[in-house]
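Student: I would like to learn how to read a protein model with some care. Could we look at one together and take its features in turn?

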Amino acid sequence: MAEHRALYRKWRPQQFAQVVGQTYPIRTLVNALSSNEVGHAYLFAGPRGTGKTTVARLFAKAVNCRQRVKGEPCNRCDACDRIARGASLDVVEVDGASNRGIDQIRKLREEVSFVPADVKYKVYIIDEVHMLTNEAFNALLKTLEEPPKRVVFVFATTEPQKLPATVTSRCQAFEFTRIPAEAVAAHLAKVCKKEGIEADARALEAIAARCGGALRDALVTLEQLAAFAQDSAITGETLETVLGLPGEPLLERVWTALLARQPQPVLDTLEELAQRGRDLELFLEELIRLGRRRLVEAVAAKGPLAAPAAALRRLLGLKQELGRAWDKHIWLEVGLVEW
């Protein structure tokens, strides 16, 4: 029986051109590779699930590719094959969260002094690098100040502000941004077509909106929904059943009631959600997303903005305070009725 591969692994880009979003980092890296201007240290910073580690692996492959074309790895030579399979001794991935001490960095410093065994460059990818201790950073700094030839460091982090300035100043820094929902939805549609998954466009848009710009999260969610739906199409009802998301009609009903200052439909809906055991915080998040869409539509149509802006501001305030509420149901009732 063939081994099952998760969608996010199966659809991991094997070339820079396949990376969704991140136009600036990709273009700059490809240009540098095309002109053979390889630095000794790179910093990839941005939210989780936006491609930092994937691009780091692509870079490790491209910089060692024997038949690179316009900055892209060929994916056919022995170096590309070995690195893609994780079989190269010269491409090392380190989890900064679990290898954060000075002993691990000292070991790394000893290793970098050796010439690459089977490729051109030794590449060290340190994920969540901000988790390293101060002592480890100090030890790493010595290597960055006098980098050995044929060694490249790629640091990835979700919290670049926690890195010492002495480290970041010695790296080429790239900001990875949240991927636009439209791009995520388009990629999900492509995946569905190739994988034979039937899904309506509104469902894919909802998945994209919910993943917050993290393509990996969107693919994981799509696979979960596909497993539930099996031979059926993924629809808004599927999202409501599997993920507990409130349906669009319900959200529209509440939003309309808020703008009309009618508390009873809001109270009835909150009671209905509570009785069904739905996550009220998730409901509020989806209502905020709907409110934002309606505000953007009002701006585009040059319609009245005061009411939707006020409603959205109130919802954002409630979301900020909801986590500390003793009873979320009552807190939402009071907050919305009071408004």
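Tutor: Let us start with a single residue, keeping in mind that this is a predicted model. Arginine 292 counts as exposed, because its relative accessibility is 54% and the cut-off for exposed is over 50%.

Student: Where does arginine 292 lie in the secondary structure?

Tutor: Arginine 292 belongs to helix α14, which covers residues 280-300.

Student: How many helices and strands does the protein chain have?

Tutor: The protein chain has 16 helices together with five strands. Its C-alpha trace spans about 75 × 45 × 45 Å along the principal axes, and of its 339 residues, 44% are buried. The accessible surface comes to about 18000 Å², with carbon and sulfur atoms holding 50% of that area.

Student: What share of the contacts with a separation of 6 or more joins residues 24 or more positions apart?

Tutor: In the protein chain, that share is 74%.

Student: How should I describe two helices that pack against each other?

Tutor: In general, one gives the angle between the two axes and the distance between those axes. Here, helix α9 (residues 201-210) packs with helix α11 (residues 236-243) at an angle of about 45°, and their axes are 8 Å apart.

Student: Which residues make the contact between α9 and α11?

Tutor: From α9 the contact draws on Ala203, Ala206, Ile207 and Arg210, while α11 supplies Gly236, Leu239 and Leu243. Sorted by class, this contact of α9 with α11 has five nonpolar residues, one polar residue and one charged residue.

Student: How many disulfides does the structure hold?

Tutor: The structure holds zero disulfides. To reason about this, remember that a disulfide needs a pair of cysteine sulfur atoms within 2.5 Å. For cysteine 77, the closest cysteine sulfur is that of cysteine 80, at 3.6 Å, which is too far for a bond.

Student: Are cysteine 77 and cysteine 171 buried or exposed?

Tutor: The cut-off for buried is under 20% relative accessible area. Cysteine 77 is therefore buried, with a value of 5%, and cysteine 171 also counts as buried, at 13% relative accessibility.

Note on methods. Residues are numbered from 1 along each chain as its sequence is written. This is a predicted model: local features need pLDDT of at least 70, side-chain atom pairs count only at pLDDT 80 or more; totals for chains, interfaces and linings use all residues. Side-chain values use heavy atoms; hydrogens and water are left out. Axes are lines fitted to C-alpha atoms, for helices over the stretch in contact, and angles run from 0 to 180 degrees between N-to-C directions. Helices (H or I, at least four residues) and strands (E, at least two) are DSSP runs, numbered from the N terminus. Contact means heavy atoms within 4.5 Å. Ala, Val, Leu, Ile, Met, Phe, Trp, Tyr, Cys and Pro count as nonpolar, Asp, Glu, Lys and Arg as charged, and the others, Gly among them, as polar. Buried means under 20% relative accessible area, exposed over 50%, partly exposed in between (1.4 Å probe, protein chains only). Accessible areas come from the Shrake-Rupley method with a 1.4 Å probe; for residues, only the protein chains shown count as cover.
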